[in-house]
Amino acid sequence: MEGDECSFPPDSSDDHSLRGSVASSATLSRAQDVLIYLFGDSAVHLTLEGLGTVTVQELGRNVREALHTPESVQDVFAFWLCSPLLELQLKTRHQPYKLCRQWHDLLYRFTEASEEDISQGQSFDLRAYCLTPVQIQEEGVLRLLYEEARSNILTGRYPCDPEHWTSLGALSIALDEGTSLDSQQFTTTIREKKLSSYLPAHVTMGSGGLFSTLRGKSSRQVGLEQNLFKEYSKICTSAGSSPEPTQLLHQYLNTCHTLPYYGCAFFFGEIDKPAQGILQRGKRKAVNIGICLEGVYVMDVKEKHVLLGLRFSELSWDHSYPEEEGDSHILWLEFDGDEDGTPVNKLLKIYSKQAELMSGFIEFCVELKSASEGAAAAEMDGEVSLSQQPGGQEERSKNGRGGRRGMLHRQGSVVCSRVQSLNTISYVDDGKEIKRLKPKRAASFFARQASAVSYSAVQTESLEQG
């Protein structure tokens with residue numbers, strides 16, 4: 001999330017502040033050591049003077065010099081303030097030291113964390129800029145992008161299907177060990193470094209539980225090793241005996257680029273679980289929310305799959321603040337759906353103290369995408385009118401919330417939506433008032449028949465949620 005989409009709280013002490021004493025101006029004017037963390041367990045060590053007033057732009061210039069990267073890649077990476085609780089992307093004009101001083105206040109404002117969790121601190125990271133997928137040729141820069149993408153694959157932040165994580169795992173082995181391993185060497189290497197070094201943790205663990213652990217190497221893991229070796233052999237055959245590292249790095253990153261949420265900024269929240277009886281009502285499911293120039297993706301933290309993926313042309317959104325003590329901040333996502341053949345509007349409630357950040361970032365992405373589409377249309381000498389532009393730009397300007405949405409497209413894949421598993425609010429707009437759609441019930445449990453779910457666009461204007 002870009003740091004100034006929402007105003008930060010003032011840098012003042014209060015009862016909740018956990019900050020230490022403010023460093024004196026004399027101390028800050030002296031040379032100070034700074035560590036900028038990179039993916040892949042490495043860091044850039046800088047010695048800077050006037051740390052209190054150094055901007056992100058100045059810091060970026062120092063980091064590029066230390067890494068010996070050309071100025072042409074300055075827009076590929078951004079600086080982030082990160083912790084397991086909150087991730088904020090900084091802009092070039094920000095002064096990192098001052099924002100670090102506000103970090104605990106930001107955690108109080110945008111997370112539900114306890115004081116003990118908040119006191120854990122944060123890191124200052126260099127990561128890929130969340131909005132710019134750029135083709136790069138410099139091996140050092142590709143390595144940084146690769147390490148970040150690999151981390152997101154292995155931790156499940158980027159959900160992907162077996163053909164994706166098998167291919168990516170084999171590419172990682174080729175990058176680490178070369179392309180000349182035979183079957184025995186390959187198996188030995190995998191078992192020394194463990195499968196979790198190359199495949200997502202939730203894949204390698206499986207669901208075998210204690211019994212699987214007690215009986216030693218499971219058949220599942222053997223199958224994973226065999227599939228990895230098959231894919232590794234294909235890579236070796238197509239790439240030759242000694243391929244250039246940049247070739248393999250490009251293959252890895254190009255595969256990641258096919259995932260719709262590559263390059264997203266991520267936020268944390270919860271959604272309601274579908275009610276399955278009186279005892280389960282009120283329970284919530286933890287989700288990651290990824291937002292990029294193309295749309296919004298809600299992902300199940302535990303199951304590592306997409307619950308809902310919407311392009312901006314397919315959704316309307318808003319956020320609401322707590323009205324009473326104990327209420328939650330909510331990001332509302334509205335999209336077209338179907339209930340027993342009736343076209344309806346569906347509302348998904350995402351509970352999160354970061355709802356304000358998410359709403360601001362969605363608006364930023366929509367405006368940026370509209371501007372880029374407008375520039376592309378201008379280059380075509382006016383051949384594309386406003387009414388014909390992708391995403392319905394004219395409709396968006398009318399209601400400020402995404403305009404008319406198209407039909408949702410999904411397949412049997414972890415990357416595609418599982419709308420049927422969401423606890424959403426369904427309603428219809430008859431032109432006079434919003435009517436909540438009551439679910440139809442069959443006369444007998446045994447008479448119920450599963451009907452194919454289909455989606456069609458709602459023909460009425462979508463109503464904004466206050």
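Predicted model: local features only at pLDDT ≥ 70, side-chain atom pairs only at ≥ 80, totals over all residues.
**Exercise 1. Packing of α7 and α8**

Work out how helix α7 and helix α8 are oriented towards each other, and which residues meet.

*Solution.* Let's begin with the geometry.
- Two packed helices are described by the angle between their axes and the distance between the axes.
- For α7 (residues 162-177) and α8 (residues 183-193), the angle is about 95° and the axes lie 12 Å apart.
- Angles of 65 to 115 degrees count as roughly perpendicular, so α7 is roughly perpendicular to α8.
- On the α7 side, the contact involves Ile173, Asp176 and Glu177; their partners in α8 are Phe186, Thr189, Ile190 and Lys193.
- Sorted by class, this contact has 3 nonpolar, 3 charged and 1 polar residues.

**Exercise 2. The setting of His250**

Decide whether His250 is buried or exposed, and find what its side chain reaches.

*Solution.* First locate the residue, then look around it.
- His250 sits in helix α12, which spans residues 245-257.
- Its relative accessible area is 15%; the cut-off for buried is under 20%, so His250 is buried.
- The His250 side chain reaches the backbone oxygen of Ile136 at 3.0 Å.
- Leaving aside residues up to four places away in sequence, His250 touches Gln135, Ile136, Gln137 and Leu142.

**Exercise 3. How enclosed is α4?**

Find how many residues of helix α4 are buried, and what they pack against.

- The buried residues are Trp103, His104, Asp105, Leu106, Leu107, Tyr108 and Phe110.
- They pack against strands β3 (77-82) and β4 (87-89), and against helices α3 (96-101), α5 (115-118) and α13 (355-379).

How values were computed:
Residues numbered from 1 in each chain as written. Heavy atoms only, no water. Axes fitted to C-alpha atoms, helices over the stretch in contact; angles between N-to-C directions. Helix = DSSP H or I, 4+ residues; strand = E, 2+ residues; numbered from the N terminus. Parallel < 35°, antiparallel > 145°, perpendicular 65-115°, else oblique. Contact = heavy atoms within 4.5 Å. Nonpolar A, V, L, I, M, F, W, Y, C, P; charged D, E, K, R; others polar. Buried < 20%, exposed > 50% of the residue type's maximum accessible area, 1.4 Å probe, protein only. Polar contact = N/O pair within 3.5 Å; in protein donor to acceptor, adjacent residues only side chain to side chain.
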